[in-house]
Amino acid sequence: MTISKTIFAATPRRSLEKVIRPAAAFIHGDRMDPEILRAGTALLSTVGSGGKLTLPDLPYDYASLEPSVSAETMKIHHTKHHQTYVNNTNGLLGKVDDALSTGDGSALISLAPAVKFNLGGHLNHSLFWKNLCPASESALPAGNLATAIDKSFGNFDAFKSKMTAGTVAVQGSGWGWLGYNPGSGLLEIATCPNQDPLEATTGLKPIVGIDVWEHAYYVDYRNVRPDYVNAVWDIINWSEAETLFNDASK
């Protein structure tokens, strides 16, 4: 099962095939940026049958991540910000469908940045919620992931220090990521601006992500991003990260 299979709520497969497959063929035929093709292919491969994208439930209560992240922040982040990405993506897919039905290639291409931003926001946040857990359940990585961290960075402390520094240094809004490189078989740290999804834009498979948009921490930490990033380490769900790593490295 791919990572994204746990992300998408039921979506009409026939409808999305009509939208995404011709779009991917059109873009591929015109030698457009391959990240758009990868994103379309990923979407097509993960949808099921049923309605539109929906906001996923959290696997814990809003207050469960305190004191690292407050219930107020979690509720706003989940029900307002993530919900907006879901709503916008559903609206955009309708516009993509219209552009395809009329053969309007210019309109289709012009929609790509908004689809990337809003669908990326949905993908990123759906991963992020599962990357977190109550502090009492956050045990340091073990097994294959621990071995891979040591192989890639030397030891866990070196990895944590490098990822913290990179994530804090993101300019403006974006994400810090631990990703798996299928080519090298190693873990890498990467940052992405805005809502750019890691795999579609870098080829790395996401293992752990940290959201550093201000809405993720401003209520609790104001503009002191380093304090927020340091606090997030107390609530990382390393069991979920291990599962993602094992799936990615098969």
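Q: How many aromatic pairs does a search of the whole structure find?
A: The search turns up 15 aromatic pairs, with Phe, Tyr and Trp (its six-membered ring) pairing if ring centres lie within 6.5 Å; planes under 30 degrees apart count as stacked, over 60 as edge-to-face and the rest as tilted. This is a predicted model, where local features need pLDDT of at least 70, side-chain atom pairs count only at pLDDT 80 or more, and totals for chains, interfaces and linings use all residues. Residues are numbered from 1 along each chain as its sequence is written, and side-chain values use heavy atoms, leaving out hydrogens and water.

Q: OK, what about Phe156 and Trp238, how are the planes set?
A: Their planes are at 75° with the centres 5.7 Å apart, so the pair is edge-to-face. Phe156 sits in helix α6 and Trp238 in helix α10, 82 residues apart (helices are DSSP runs of H or I, at least four residues; strands are E, at least two, numbered from the N terminus).

Q: Which cluster do ring pairs make with them?
A: Ring pairs link Phe153, Phe156, Phe159, Trp233 and Trp238.

Q: Switching to α5: which residues are buried there?
A: In α5 (residues 143-153) they are Leu145, Ala146, Ala148, Ile149 and Phe153. They fall within an arc of 160° seen down the axis (taking directions from the axis to the C-beta atoms), so they line one face of the helix.

Q: And what's on the other side of α5?
A: Thr147 and Lys151 are exposed there.

Terms used. Buried < 20%, exposed > 50% of the residue type's maximum accessible area, 1.4 Å probe, protein only.
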